[in-house]
Amino acid sequence: MEFDSEDAAKEFYDDYARHLGFVMRIDQCRRSEVDKRILSRRLSCNKQGYYVKMKDQYGPVRKPRSSTREGCKAMMLVKVNKSGKWVVTRFVKDHTHPLVASSRTCRTAMDHKDRKIQELTLELERQDKLCDLYHEQIITFLQSVEEETGLLSTKIEAAVKNVMEMEAEAKQQSNLQQAHLQ
């Protein structure tokens, strides 16, 4: 199958999940190392994988609750191809748990999360651009300092040379005066 966008693929898999009786989870993605855009996305069953308890050092202690994860392998992997279309490259249909028909008609909670993730991603991209701008400004400043240091060094060398010439001239005049007095 082929989709025009990642969102179209998500919408399709969500409708498919709702029809079959499971909940879709937007799972891992792979990004370009060059421009950080998403190259592939895995959409899976919300019971995919197993819950791994994180130590309390990563945040406030939370109320213990049971995990909904059951190690389900059902998923759909979509990748963007050279023409910009999103193509299904892997599809696992079988679930390791019973499916439950859902009466849910929309994904408001997930849409809210998706919007929040999108907002934070845009903010992160904006901050990245700002960091790049600051980096360029620092490089320009350092180059300017380096040029000024070179000019200052040249002026100091000229001043030292002039002082040495004046000292040599003064010594020579002193020697002439002493020779003249004798």
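Leaving aside its neighbours within four places in sequence, which residues is Val-78 in contact with?

Reply: A word on the source comes before the details. This is a predicted model.

Start with the residue you asked about. Val-78 is in contact with Phe-3, Ala-9, Leu-39, Ser-40, Arg-41, Trp-86, Val-87 and Val-88, once neighbours within four places in sequence are set aside.

Now place Val-78 in its wider setting. The largest nonpolar core has 17 residues. Val-78 is among those with the most contacts inside this core. Phe-3, Tyr-13, Phe-22, Met-24, Leu-43 and Met-76 are listed with Val-78 in that group. Several elements give two or more residues to the core: helix 1 (6-20), strand 2 (24-31), strand 3 (38-45), strand 4 (75-80) and strand 5 (86-92). Helix 1 gives the most, with four residues.

Next, step back to the whole chain. The protein has two helices and five strands. Along the sequence, their order is β-α-β-β-β-β-α. The chain has 182 residues, and 22% of them count as buried. Take the contacts with a separation of 6 or more: residues 24 or more positions apart account for 49% of them. The accessible surface comes to about 14,900 Å². Carbon and sulfur atoms hold 56% of that surface.

Back to helix 1, this time for its charges. Glu-6 forms a salt bridge with Lys-10, with the closest N and O atoms 3.5 Å apart. Both residues lie in helix 1, four residues apart, about one turn of the helix. Both Glu-6 and Lys-10 are buried. Asp-14 and Arg-18 form another salt bridge, and here the closest N and O atoms are 2.7 Å apart. Asp-14 and Arg-18 also lie in helix 1, four residues apart, about one turn of the helix. Asp-14 has a relative accessible area of 3%, so it is buried. Arg-18 counts as buried because its relative accessibility is 17%, and the cut-off for buried is under 20%.

Helix 2 covers residues 108-181. Glu-123 and Arg-126 both lie in helix 2, three residues apart, about one turn of the helix. Their side chains meet in a salt bridge at 3.0 Å, N to O. Glu-123 is partly exposed, with a relative accessible area of 33%. Arg-126 is partly exposed too, at 46% relative accessibility. Elsewhere, salt bridges that share partners join Glu-6, Asp-7, Lys-10 and Arg-41 into one network. Arg-41 is also one of the contacts of Val-78. Over the whole structure, a search finds 10 salt bridges.

Helix 2 also carries Phe-141. Phe-141 is exposed, with a relative accessible area of 55%. Phe-141 forms a nonpolar patch on the surface with Ile-138, Ile-139, Leu-142 and Val-145. Together these residues have about 460 Å² of accessible area.

Last, the cysteines. The disulfide count comes to zero. Cys-29 is partly exposed, with a relative accessible area of 33%. Cys-131 is partly exposed as well, at 49%.

How values were computed. Residues are numbered from 1 along each chain as its sequence is written. This is a predicted model: local features need pLDDT of at least 70, side-chain atom pairs count only at pLDDT 80 or more; totals for chains, interfaces and linings use all residues. Side-chain values use heavy atoms; hydrogens and water are left out. Buried means under 20% relative accessible area, exposed over 50%, partly exposed in between (1.4 Å probe, protein chains only). Contact means heavy atoms within 4.5 Å. Accessible areas come from the Shrake-Rupley method with a 1.4 Å probe; for residues, only the protein chains shown count as cover. A nonpolar core is a set of buried Ala, Val, Leu, Ile, Met, Phe, Trp, Tyr and Cys residues joined through side-chain atoms within 4.5 Å. Patches are made of residues with over 30% relative accessible area and no salt bridge: like charges are joined within 9 Å, nonpolar side chains (Val, Leu, Ile, Met, Phe, Trp, Tyr) within 5 Å. A salt bridge is a side-chain nitrogen of Lys or Arg within 4 Å of a carboxyl oxygen of Asp or Glu. A disulfide is a pair of cysteine sulfur atoms within 2.5 Å.
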